Amino acid sequence: MTDPIAAPAAADTPGADAARRQPFDAIAIVGLGLIGASLAAAVTEAFPDAEVVGVDVDARARALAAERGWTARALAPDDPALADFVRERCDLVVIATPVACVDDYFRALADWGFDGVVTDTISTKAHVLEAAADLLPEPRNYVPGHPMTGSEVNGVDGARTDLFKGTNWILCPDADTVPEHFQRLHELITGMEARVVSLRREEHDRAVAIVSHVPHMVASSLVELASRHADDTQSLMRLAAGGFKDTTRVAAGSPKLWCGIAFDNAAALRDGLVEMQGIIGSFVDALEAGDRGAFTDLLVQAADARRALPAAWVPSTDNLLEVRVPMVNRAGVVAEVTTIASSVGCNIQSIEIDHVSEGNAVLSLILTDEGDVGQLSLQLIKAGFSVSFSPILVKEYAHVD
Ligand SMILES: NC(=O)c1ccc[n+]([C@@H]2O[C@H](COP(=O)([O-])OP(=O)(O)OC[C@H]3O[C@@H](n4cnc5c(N)ncnc54)[C@H](O)[C@@H]3O)[C@@H](O)[C@H]2O)c1
Ligand SMILES: O=C(O)C(=O)C[C@]1(C(=O)O)C=C[C@@H](O)C=C1
């Protein structure tokens, strides 16, 4: 095994130009609402030669997306041109509809014999994972996705080209994921200036319950509380200033979409809300006990954690590090390695799979200077990988062809 950290010289930079390569030529985006239309706009901006075809039941969404140049064409789901496009040349399908629609599209993809890459943007993974396993002809071609950005303005009217810039986009590869599919999606997402966070499928819904779904219900509860009191004092809502608005913005989101999200993640959301009741109860208890110390402790813990949240992410091209991991005789290397990297806060700027010889490949990752590289090294070694780390000069990274 190579010394995990120390590497004397700057490395060659295989794949260092990966971020701007066009990973897909013909993309179908199903659902041209906030997320799908923003994705169409961002992909078209980042990869102008890719053919982006949008699909939506709503004629206005189709018209707007096409008119703004976000899609080459926008089709109704039953338009025969859609089946032709998917059969003839589409190499990526992205499902960006509410979760309730996925079964129909997975069935259609199976009918059309689609063998390209499938991903989605759906906020919960419980149902879509089952549907992919049951309905897609090649479930290993499906890589679950979830952009961790959004807006309370749903529909095409909320869409914007820069929605994903500087944000995190979850991908959930598993042991069966085709490594090149993950690599191409990684290129697509980083090409839009978002970064990929790999997460184990079984962890996804519990994680987002805590950072997204519980907060949404708490925001709705805050508005409900104020609304009840506003009935008595009509002027109350006019007093709502920055604090109230910052903590409740998301409550204006689509109730239909959020009800779908909540019920596809019911167990984790329920547990999170119960835990939340307990935390609010701690404030109540401290007040009733006149315990300023306990009350202050709660505030201090929250303030420290909130202040430690990273500000908007800016891609770093300084102090890059190449990690090389032999992939021989082991399935699921991409999923394992990228998940470990994300779990210790490391950011993978690009991924390359070097096919050294028949049956012999090396996974090469370019990391930015974030996260705990020591932990990454330890955990990879603990998981049985033979890894080497080499610093890269920024100049080399920028100029390799
Ligand atoms: N809103 C957010 O902040 C956010 C963030 C990340 C992920 N997501 C997820 O992404 C997905 C899309 O969310 P959104 O906010 O863009 O919703 P949205 O309501 O803005 O857009 C959904 C679009 O899908 C279309 N649609 C509905 N049924 C369809 C069908 N059968 N065929 C084709 N199109 C259909 C609608 O007409 C609409 O244009 C959801 O699964 C959501 O959970 C949302
Ligand atoms: O409105 C926003 O700013 C969001 O980021 C929306 C948000 C979130 O709660 O974090 C909402 C649902 C998603 O699945 C992802 C993102």
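In this predicted model, Ser-282, Phe-283, Ala-286 and Leu-287 of helix α10 are in contact with Ala-294, Phe-295 and Leu-298 of helix α11. By class, that contact between α10 and α11 comprises six nonpolar residues, one polar residue and no charged residues. The protein chain is divided into domain 1 (19-204), domain 2 (209-307) and domain 3 (320-399).

**Packing of α10 and α11**

- Helix α10 spans residues 266-288 and helix α11 spans residues 292-307; their axes come within 8 Å and cross at roughly 150°.
- Because of this crossing angle, α10 is roughly antiparallel to α11.
- The crossing in which α10 passes α11 is left-handed.

**Packing of α4 and α5**

- The axes of helix α4 (residues 102-111) and helix α5 (residues 126-135) cross at roughly 25° and come within 10 Å.
- The angle therefore makes α4 roughly parallel to α5.
- In handedness, the crossing of α4 and α5 is right-handed.
- On the α4 side, the residues in contact are Val-102, Asp-103, Phe-106, Arg-107 and Ala-110, and these meet Val-128, Ala-131, Ala-132 and Leu-135 of α5.
- The contact of α4 with α5 has seven nonpolar and two charged residues, with no polar residues.

**Packing of α12 and α13**

- Helix α12 (residues 333-343) packs with helix α13 (residues 373-382) at an angle of about 145°, and their axes are 9 Å apart.
- The crossing of α12 and α13 is right-handed.
- From α12, Val-337, Ile-340 and Ala-341 meet Leu-376, Gln-379 and Leu-380 of α13.
- Five nonpolar residues and one polar residue form the contact of α12 with α13, and no charged residue takes part.

**Contact of domain 1 with domain 3**

- A distance of 26 Å separates the C-alpha centres of domain 1 and domain 3.
- Domain 1 gives 17 residues to the contact, and domain 3 gives 13 residues.
- On the side of domain 1 that touches domain 3, α6 (179-191) and β9 (195-198) each supply at least two residues.
- Helix α6 gives the most to that side of domain 1, with six residues.
- The side of domain 1 that touches domain 3 has, by class, eight nonpolar, five polar and four charged residues.

**Surroundings of ligand 1**

- Ligand 1 is surrounded by 29 residues, of which the closest are Gly-31, Gly-33, Ile-35, Ser-123 and Gly-150.
- Both α1 (34-46) and α9 (255-264) supply at least two residues each to the shell around ligand 1.
- The most is given by α1, which places three residues in the shell around ligand 1.
- By class, the shell around ligand 1 divides into 16 nonpolar, eleven polar and two charged residues.
- At least three residues of the shell around ligand 1 come from each of domain 1 (19-204) and domain 2 (209-307).

- Around ligand 2 are Ser-123, Met-148, Thr-149, Gly-150, Ser-151, Glu-152, Ser-212, His-216 and Val-250.
- The shell around ligand 2 has six polar residues, two nonpolar residues and one charged residue.
- Ligand 2 lies between domain 1 (19-204) and domain 2 (209-307), because both domains give residues to the shell around it.

Note on methods
Residues numbered from 1 in each chain as written. Chains lettered and ligands numbered in written order. Predicted model: local features only at pLDDT ≥ 70, side-chain atom pairs only at ≥ 80, totals over all residues. Axes fitted to C-alpha atoms, helices over the stretch in contact; angles between N-to-C directions. Helix = DSSP H or I, 4+ residues; strand = E, 2+ residues; numbered from the N terminus. Parallel < 35°, antiparallel > 145°, perpendicular 65-115°, else oblique. Left-handed = near helix turned anticlockwise from the far one by under 90°. Contact = placed C-beta atoms within 7 Å. Nonpolar A, V, L, I, M, F, W, Y, C, P; charged D, E, K, R; others polar. Near = placed C-beta within 6 Å. Domains from an automatic or database assignment.
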